[in-house]
Amino acid sequence: MSIQLPEASNFSVPIDRMFDAMLVLCGSVALGVFVVMFWFCIKYRHGSDANREGRQSTKMSLEIGWTLIPFVLFVGMFAWSINLWTLLRTPPAGATPIYVIAKQWMWKVQHANGRREIDMLHVPLGVPVRLIMTSQDVIHSFYVPDFRVKQDVVPGRYTALWFTATKLGSFPLLCSEYCGTDHAAMTGTVEVVSPRDYQRWLHASTALPPAKRGRQLFVQFGCSGCHDPGAGIHAPDLHGLYRSRVQLADGTSVIADDRYLHDSIMLPSTQIVAGYTPIMPTYQSRIDEEDVLALLAYIKSLGAEPSAVQHGGAHE
Ligand code: CUA
């Protein structure tokens, strides 16, 4: 059916089909209930000479039939939707990462090579794109109706969303979580262009690659004074940190993922690395989320997980 919106991503058609099926299924059940209800209302209305003696016998086949058929239909809907949900939540391994930062009241976007844009999101046609999103202030929600995708964007954590655009053109981007005065004006445009045009657009930029910008900030914010190898102060070495396992002072351990690195910058006293004293100041009010992403890009550039490093080393 899809009466209203364009179907412009890989999710549009499957979600519309499921919506249609649910509408038909629930509509038929409601219709059935109402037909029987009206029929009884008329048949047993006041003054009618219908037989009102209670029937004592039951038909087992009827009982089983009207229990089992709806059961199978609705469990079928559940299986169908959980399948689609899993697809929606599982970005393919090679998806192009793009960072999105929401703030009152705009969408800031950063592409892999450092090119940035506001209230616009350029994506290549037919290529899976993975958005990694966070908020600078309150909860927002990234919503592209024509793509049938929506995801909350939450301060203090990274949420993800993926899709493959299947139509060229401009599609509205909305915020669908009330986030203050100008919530309704927090709109943008998703611009779907050919992969060639996307590459050309990406490289028509003089922006520093995120890892390079991250290094600049690393020096500027004074991180290098403690965390560079050979620095006078005893602070954890960041080489090969990303995706490695970190022993914490409380005896537990964590994998150094994006969330851990983010929190270590913004809330350094929450997870102390074993063998170190909690002397690092918080950067929560001093660094915005865009700069945190640049710092993360720099830290990631210092080495992947140890096994991958060893693997790469064996070939050199
Ligand atoms: Cu941002 Cu509503």
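Tutor: Gladly! Let's begin with burial: a residue counts as buried under 20% relative accessible area, exposed over 50%, and partly exposed in between (1.4 Å probe, protein chains only). This is a predicted model, where local features need pLDDT of at least 70 and side-chain atom pairs count only at pLDDT 80 or more, while totals for chains, interfaces and linings use all residues. Residues are numbered from 1 along each chain as its sequence is written, and side-chain values use heavy atoms, leaving out hydrogens and water.

Student: Is Lys108 buried or exposed?

Tutor: Lys108 has a relative accessible area of 16%, so it is buried. Lys108 sits in strand β2, residues 106–110; strands (E, at least two residues) and helices (H or I, at least four) are DSSP runs, numbered from the N terminus.

Student: Which side chain does Lys108 join in a polar contact?

Tutor: A polar contact is a pair of N or O atoms within 3.5 Å; within protein, one must be able to donate a hydrogen and the other to accept it, and residues adjacent in sequence count only if both atoms are side-chain atoms. Here the side chains of Lys108 and Glu290 are joined by one of 2.7 Å.

Student: What about Asp16?

Tutor: Asp16 belongs to helix α1. Its relative accessible area is 9%, so Asp16 is buried too. The side chain of Asp16 makes a polar contact of 2.7 Å with the side chain of Arg148.

Student: How do α1 and α2 cross?

Tutor: Axes are lines fitted to C-alpha atoms, for helices over the stretch in contact, with angles from 0 to 180 degrees between N-to-C directions. Angles under 35 degrees count as roughly parallel, over 145 as roughly antiparallel, 65 to 115 as roughly perpendicular and the rest as oblique. The axes of α1 (residues 12–43) and α2 (residues 60–89) come within 11 Å and cross at roughly 160°, which means that α1 is roughly antiparallel to α2.

Student: Which residues make that contact?

Tutor: Contact means heavy atoms within 4.5 Å. Among them are Met18, Met22 and Leu25 of α1 and Phe74, Met77 and Trp80 of α2.

Student: And how are α6 and α7 placed relative to each other?

Tutor: The axes of α6 (residues 258–266) and α7 (residues 289–301) come within 10 Å and cross at roughly 120°, so these helices are oblique to each other. Residues meeting there include Leu261 and Ile265 in α6, and Val292 and Leu296 in α7.
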